[in-house]
Amino acid sequence: MRGKPIPKRKIKPDTKFNRTDIAKFINYIMRRGKKTVAERIVYKCFEIIADKTKRDPSQIYESAIRNIGPSLEIRGRRVGGANYQVPFPVNDERRQTLAFRWIIAAAKGKKGMSMANALAQEFMDAAKGEGAAVKKKEDT
C-alpha cells in the first residue's frame, strides 16, 4: 500500500434525532447527492413506524439494526495451496454497514410500495426478528 491511509471523516448528526448513526443511514439511502430526498424518506419511515407501533421509532431502529447485523463473517484463508473458509468476528462499523446494506436491499425488493413504507415494514419485521434482511443475515 502506497502513501498514508485516508483519515475517517466525522459525520454530522441528523437534524431531527441528533444521532450520527441515523445520519449515516440517511447517507446510505441518498442517491445522486439528493440528501433532502433521503432525509424525507427516512423521517417518513420513522413516522410510519411511530403510527403503526405506538412506540419510539428510534428504539425499533436500534433493535432492528442489532437483529440484522452479523456477529461472524466467513473469509477465505490461504493455507499452503488450499483456500479455507474461516469464520471471523465482525467489527462494529462493518456490522452497521452490512445491516444498512441488507435492510435497504430488502426494502428495494418490495415492489408496489413507496420506499418509506417498505423501509418501515422491514424495520418493524427486523425488530421482531423476521423479514428478508434477517433471513439474509441467517443465510450468510
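**Entry 1: terms and model**

I take a helix axis as a line fitted to C-alpha atoms over the stretch in contact, with angles running from 0 to 180 degrees between N-to-C directions. I note that the model examined here is predicted.

**Entry 2: α1 against α2**

I recorded the crossing of α1 and α2 as right-handed. On the α1 side I listed Ile-22, Phe-25, Ile-26, Asn-27 and Ile-29. On the α2 side I listed Lys-35, Ala-38, Glu-39, Ile-41, Val-42, Tyr-43 and Phe-46. Sorted by class, the residues of this contact are nine nonpolar, one polar and two charged.

**Entry 3: α4 against α5**

I then turned to α4 and α5, whose axes lie 8 Å apart at an angle of about 125 degrees. These two helices are therefore oblique to each other, and their crossing is right-handed. From α4, I noted Ile-103, Ile-104, Ala-106, Ala-107 and Lys-108 in the contact. They meet Met-115, Ala-118, Leu-119, Glu-122 and Phe-123 of α5. I counted the classes in the contact of α4 with α5 as eight nonpolar, no polar and two charged residues.

**Entry 4: the nonpolar core**

I asked which residues of the largest nonpolar core touch the most other members. Of its 33 residues, these are Phe-25, Phe-46, Ile-49, Tyr-61, Ile-68 and Phe-123. I traced the elements that give two or more residues to this core: α1 (20-29), α2 (35-53), α3 (57-68), α4 (92-109), α5 (115-128) and α6 (132-139). The most comes from α4, with eight residues. I also recalled that nonpolar side chains tend to be buried together in soluble globular proteins.

**Entry 5: the chain as a whole**

I counted six helices and two strands in the chain. Along the sequence they follow the pattern α-α-α-β-β-α-α-α. I found the C-alpha atoms to fill a box of roughly 55 × 35 × 25 Å along the principal axes. Of the 140 residues, 34% are buried. Among contacts between residues at least 6 apart in sequence, I noted that 55% join residues at least 24 apart.

Notes
Residues are numbered from 1 along each chain as its sequence is written. This is a predicted model: local features need pLDDT of at least 70, side-chain atom pairs count only at pLDDT 80 or more; totals for chains, interfaces and linings use all residues. Side-chain values use heavy atoms; hydrogens and water are left out. A nonpolar core is a set of buried Ala, Val, Leu, Ile, Met, Phe, Trp, Tyr and Cys residues joined through side-chain atoms within 4.5 Å. Buried means under 20% relative accessible area, exposed over 50%, partly exposed in between (1.4 Å probe, protein chains only). Helices (H or I, at least four residues) and strands (E, at least two) are DSSP runs, numbered from the N terminus. Angles under 35 degrees count as roughly parallel, over 145 as roughly antiparallel, 65 to 115 as roughly perpendicular and the rest as oblique. A crossing is left-handed if the near helix is turned anticlockwise from the far one by less than a right angle, and right-handed if clockwise. Contact means heavy atoms within 4.5 Å. Ala, Val, Leu, Ile, Met, Phe, Trp, Tyr, Cys and Pro count as nonpolar, Asp, Glu, Lys and Arg as charged, and the others, Gly among them, as polar.
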